[in-house]
Amino acid sequence: MAYTEEELKKELETKEYEYGFYTDIESETFPIGLSEEIVIAISKKKEEPEWMTLWRLEAFKHWKEMVEPEWANVHYEKPDFQAISYYSAPKKANPNKSLDDVDPELLEMYKKLGISVDEQKKLQNVAVDIVMDSVSVATTFKKTLAEKGIIFCSISEAIKEHPELVKKYLGSVVPQKDNFYAALNSAVFSDGSFCYIPKGVRCPMELSTYFRINQAGTGQFERTLVIADEGSYVSYLEGCTAPSRDENQLHAAVVELIALDDAEIKYSTVQNWFPGNKEGKGGVYNFVTKRGLCEKNAKISWTQVETGSAVTWKYPSCILKGDNSIGEFYSIAVTNNYQQADTGTKMVHLGKNTRSTIISKGISAGKSQNSYRGLVQVNSRAENARNFSQCDSLLMGNECGAHTFPYIEVKNKGAQIEHEATTSKIGEDQIFYCNQRGIDTEKAIALIVNGFSKEVLNKLPMEFAVEAQKLLEISLEGSVG
Amino acid sequence: MLKIENLHASVEDKEILRGINLEVKAGEVHAIMGPNGSGKSTLASVIAGKEEFEVTEGSVSLEGEDLEDASPEERAHKGVFLSFQYPVEIPGVSVTNFMKTAINESRKAKGLEDMPAKDMLKLIREKSELLEIDRKFLSRSLNQGFSGGEKKRNEIFQMAMLEPKLAILDETDSGLDIDALRIVANGVNKLKSKDNAVIVITHYQRLLDYIVPDFVHVLHNGKIVKSGGKELALELEEKGYDWLKQETAV
């Protein structure tokens, strides 16, 4: 690690790399490929302390020995991990600047995506930490939050400013070697969000992060860490959009939630990454590890609306460690055209009187495949554990598939587990009925789908629910001819 | 208002309607009767524009406008309403939400803004009272878990909300007990005016005691074999359909 910045730059410049811009914003992209040097370079670039560099290297060491999982019900060409550039930062970005200093072109792009920061600031009670191609470029509401002692910043900033918290909790729920993608993320994560809610504080607003992948050929490796200290509450929103791209893009994020005694975390996601075109070309590979840990009397709710990505591999989970803790998972997964989704949750009951609820709604159209995969595990000392699972599938057309893979492992006789599953199809009769009342087919499908998804949509914060509803409509446009 | 000329329609190459002629003027009530499989429901579906039926000959026009190229929703926007024999369920969509969507979609087609929530509420209150519908009923998922009678009453409630020019009631009386029948019929009668028209499709005379038709037509083998005044319904009730079948066979 005796590299100097200059030496590094020189060496990197001599390697070939692909380069392609979407906007005119000048980016700084690393050469393609992954090695110990690149991991060190990323850490150095981000001016990280040595412990962080070592942490990354350890992850990289594990990753090298791991193989990509193949058990999911998805089929795709595996990414060539040596053909990806692992770091791309908008050059002009500076996290310490105020919004006014942010590149107007960037802001313009957000506006196009319907993510107007100005508007958000004024109209909505939402603090936004925007992540674009890896580096956080704007944080709003910071001051208001700071008054309550809430820390909401980029993970890079947290590594420098709050090392004691990061050191203690990073990797505590999703260890470096948890799985192939989590190990990769741990080695090369470029940025992400960090949030800490102090004891007894109720976060006065919804915290929100927008992720998007901007540059072609760059993997996106976000790292999110949310810590709710004893008796605190936070609602966190995460939304994603991405412009169209021809080649597959890899996204391997890790989200860790820690809810200490009596704390509550609500984590809502709307994911709308490029799903590939109608022929199934392109699209994002979304391989995400999300997990939360509940201490005593704590509660974690995951709510997700997944409409994008070519391939989704995602299981937001809860470790119900503390007695009386509660885990919830509400999910809507929509697949259309050639999309494939294998998504669900894991509820691991360790403490006494732990409760979990799983409501999963899968909607398949086109030639897509939509799988629910869930694990309910009750350990031997988890007295009186309760779980309720409901998995509903809605099919549109004759060429798509819906699959349910529920796993139940119970080692305590006092457990009570319920599982319900339904599969239905949007019928021509339903469509004609709506048509006859003056509702065209597109709108009829939206209405039926929204009705089907209502239980989950209701769990989203108001402004997010409206957005999600629109997204469902857009995602299924043209799915019935 | 409605003019059907020499209408032939088939489903999967099987001809069901074989040359129907019918004219319904504004302010009139027509009853279409006939044995099972005579084509009554098909006629209703064809007027509403259901795509699985292919019109092979003839025409349907509404207020002088040929409906041939109009989609089901366009026909609805022009004022055609069909009360279904078997209304479908739509889970998670409340009656209120469904009606709101239907009304606003029709308004949109006419270039109008969405109906203000205040007006919508007023309309709902007014029409639900007309049909003696409990307000709680309106927050339930459309037709899900409804009894036969509730489904039919809900159909007429929708008719009341949408105020169509031409309402076709397909076997609205089936599954209704006598009290429900009276309420539904009463609703239809109150909605009747000199500007709209109603076609009642039924097996039995019973409903026609409450909704009194100006004309009665008997459908058999895809053709109207006899037309008459309201006394024709009574005659059918008395004699059954067999005498007609024999008569037409000659």
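Predicted model: local features only at pLDDT ≥ 70, side-chain atom pairs only at ≥ 80, totals over all residues.
Me: Which residue of chain A meets the side chain of Lys50(B) in a salt bridge?
Reply: Residues are numbered from 1 along each chain as its sequence is written, chains are lettered from A and ligands numbered from 1 in the order in which they are written, and side-chain values use heavy atoms, with hydrogens and water left out. The distance here is 3.5 Å, N to O. The partner of Lys50(B) is Asp429(A).

Me: How much area do chain B and chain A bury between them?
Reply: Contact (heavy atoms within 4.5 Å) links 30 residues of chain B with 18 residues of chain A. Buried area is the accessible area (1.4 Å probe) that two parts lose on being put together, summed over both. Carbon and sulfur atoms hold 65% of it, and the total is about 2,000 Å².

Me: Which residues in chain B lose the most area to chain A?
Reply: Three residues stand out here, together giving 24% of what that side buries. They are Glu73(B), Phe84(B) and Val88(B).

Me: How many residue pairs are in polar contact between chain B and chain A, and which element supplies the largest share of chain B's side?
Reply: A polar contact is a pair of N or O atoms within 3.5 Å; within protein, one must be able to donate a hydrogen and the other to accept it, and residues adjacent in sequence count only if both atoms are side-chain atoms. With both residues at pLDDT 80 or more, the count is 11 residue pairs. Helices (H or I, at least four residues) and strands (E, at least two) are DSSP runs, numbered from the N terminus. The largest share of the side of chain B that touches chain A, six residues, comes from α3(B).

Me: How many residues of helix α9 of chain A are buried?
Reply: Buried means under 20% relative accessible area (1.4 Å probe, protein chains only). Helix α9(A) covers residues 180–188, and its buried residues include Phe180(A), Leu184(A) and Val188(A). The helix is mostly covered, and the count is nine of its nine residues.

Me: What percentage of the residues in chain A is buried?
Reply: Chain A has 12 helices and 23 strands. Of its 481 residues, the buried ones make up 60%.

Note on methods: Salt bridge = Lys/Arg side-chain N within 4 Å of Asp/Glu carboxyl O. Buried < 20%, exposed > 50% of the residue type's maximum accessible area, 1.4 Å probe, protein only.
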